[in-house]
Structure formats: structure tokens, C-alpha cells
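Please read this briefing alongside the sequence and the model. The notes are grouped by topic.

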Amino acid sequence: MVKKKLEKVISNAAENFALEIVKAIKSATLQELIALQEGTKKAKPGRKPGRKPGPKPGRKPGRKPGRKPGRKPGPKPTAKKKVVAAPKKRVVKNYPKCAFPDCNKNRFPRGKGFCGEHFNLFKEGKIKDAKSYKE
């Protein structure tokens with residue numbers, strides 16, 4: 001019972017509040033509404049979402065650019081010659097070729113001895129089996 005009374009009081013208050021707001025908006029002029037809207041604008045937009053900027057990179061530790069310290073000007077010391085290894089020879093793989101006469105294309109793995117083109121012709125029945133050409 002107490003809960004129902006409280007709910008009724010809250011709903012009546014909310015209803016009265018909403019009605020008064022609507023009355024105030026209806027009676028206000030357009031200039032007042034625009035001024036009210038401009039007053040709620042932020043002067044400056046907030047920070048964009050994302051990572052915070054970290055520290056800026058400074059000077060890296062190590063030797064400064066330029067001539068090495070302690071080196072006297074003059075002729076450069078002679079460099080030792082490096083032995084260059086001979087380049088590796090390319091391995092040429094010879095794949096099995098198509099069984100059709102005068103065709104130098106590589107054999108299609110599932111083509112039963114033919115390249116892709118001749119395998120399609122074999123499936124259509126236009127050419128014979130690969131074993132007949134090998135003989």
C-alpha cells in the first residue's frame with residue numbers, strides 16, 4: 001500500500017513537471033530558445049578519443065656523427081680483401097611433360113598424363129587415353 005501511494009505521488013509530480021515544461025516552451029519566443037541553445041554549447045571541443053601522446057623522442061645515446069674521435073687525418077688504412085663465395089648454381093627441375101604429341105607443357109597433377117588443355121579434351125572424349133600416345 002505504501003508503495004502504491006509513493007508510486008502515485010511520483011507519477012503525478014512527473015506529469016505536472018512535464019506539463020509545465022511544455023507550457024514554458026510554448027510560451028517562449030524563438031529568440032529565447034535560440035539563446036538557450038547557444039548558451040549550452042561548449043566553447044572548445046573535447047579531446048579526441050584515442051591514445052595519449054607519449055614522450056617525444058630525444059637524442060639517441062651513442063657516438064655523434066662525423067669523424068671517429070682519436071683518428072688522425074691522413075691516408076686510410078688498407079682494408080683486407082674479402083673472399084666472395086661463388087654463387088650457387090640454380091637447380092633445374094624437369095617435370096614430366098604432357099603425353100600428347102608435340103606438347104611441351106608440364107603435366108597436370110590430376111590430368112592422368114595430360115596438361116590442363118589436353119585433359120579437358122580427354123574428358124570430352126575428343127582424344128585418346130595418355131597410354132596410347134606413349135606407345
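**Briefing on the predicted model**

Ile34 is a residue of helix 2. The model that contains this residue is predicted, and the protein averages a pLDDT of 80. The protein has four helices and zero strands, and 8% of its 135 residues count as buried.

**Fold and confidence**

- Read from the N terminus, the order of elements is α-α-α-α.
- Helix 1 covers residues 2-27, helix 2 covers 30-39, helix 3 covers 116-124, and helix 4 covers 130-134.
- Of the contacts between residues at least 6 apart in sequence, 12% join residues at least 24 apart.
- A pLDDT of at least 70 is reached by 84% of the residues.
- Among the elements, helix 1 has the highest mean pLDDT, at 90, and helix 4 has the lowest, at 78.
- Where pLDDT is low, the predicted coordinates should not be read in detail.

**Nonpolar surface patch**

- Which residues form a nonpolar patch on the surface? The patch is made of Phe17, Ile21, Ile25, Leu30, Leu33, Ile34 and Leu36.
- Together these residues have about 690 Å² of accessible area.
- Helix 1 and helix 2 each supply at least two residues of the patch.
- Helix 2 gives the most, with four residues.
- Ile34, one of the patch residues, has a relative accessibility of 39% and so counts as partly exposed.

**Aromatic pairs**

- How many aromatic pairs does the structure hold? There are two aromatic pairs in the structure.
- Phe108 and Phe119 form a tilted pair, with 5.9 Å from centre to centre and 40° between the planes.
- Phe108 lies in the loop between helix 2 and helix 3, and Phe119 lies in helix 3, so this pair ties together parts that are eleven residues apart in sequence.
- Phe108 is partly exposed, at 30% relative accessible area, whereas Phe119 is buried, at 12%.
- Phe114 and Phe122 also form a tilted pair, with 5.7 Å from centre to centre and 35° between the planes.
- Phe114 has a relative accessible area of 0% and is therefore buried, while Phe122 is partly exposed at 23% relative accessibility.

**Salt bridges**

- The structure holds two salt bridges.
- In one of them, the side chains of Glu117 and Lys105 meet at 2.3 Å, N to O.
- Lys105 counts as partly exposed, at 40% relative accessibility.
- A salt bridge also joins the side chains of Lys126 and Glu124, at 3.3 Å, N to O.
- Lys126 is exposed, with 61% relative accessibility, and Glu124 is exposed as well, with a relative accessible area of 55%.

- His118 is located in helix 3.
- Is His118 buried or exposed? With a relative accessible area of 11%, His118 is buried, because buried means under 20%.
- Leaving aside residues up to four places away in sequence, His118 touches Cys98, Phe100, Cys103 and Ile127.

**Backbone at Asp102**

- Where is Asp102 placed? Asp102 is in the loop between helix 2 and helix 3.
- Asp102 has a positive phi of about 65°, although it is not a glycine.
- Most residues other than glycine have a negative phi.
- The relative accessible area of Asp102 is 83%, so Asp102 is exposed.

How values were computed: Residues are numbered from 1 along each chain as its sequence is written. Side-chain values use heavy atoms; hydrogens and water are left out. Buried means under 20% relative accessible area, exposed over 50%, partly exposed in between (1.4 Å probe, protein chains only). Contact means heavy atoms within 4.5 Å. pLDDT is the predictor's confidence in each residue, from 0 to 100. Patches are made of residues with over 30% relative accessible area and no salt bridge: like charges are joined within 9 Å, nonpolar side chains (Val, Leu, Ile, Met, Phe, Trp, Tyr) within 5 Å. Accessible areas come from the Shrake-Rupley method with a 1.4 Å probe; for residues, only the protein chains shown count as cover. A salt bridge is a side-chain nitrogen of Lys or Arg within 4 Å of a carboxyl oxygen of Asp or Glu. Rings of Phe, Tyr and Trp (its six-membered ring) pair if their centres lie within 6.5 Å; planes under 30 degrees apart count as stacked, over 60 as edge-to-face and the rest as tilted.
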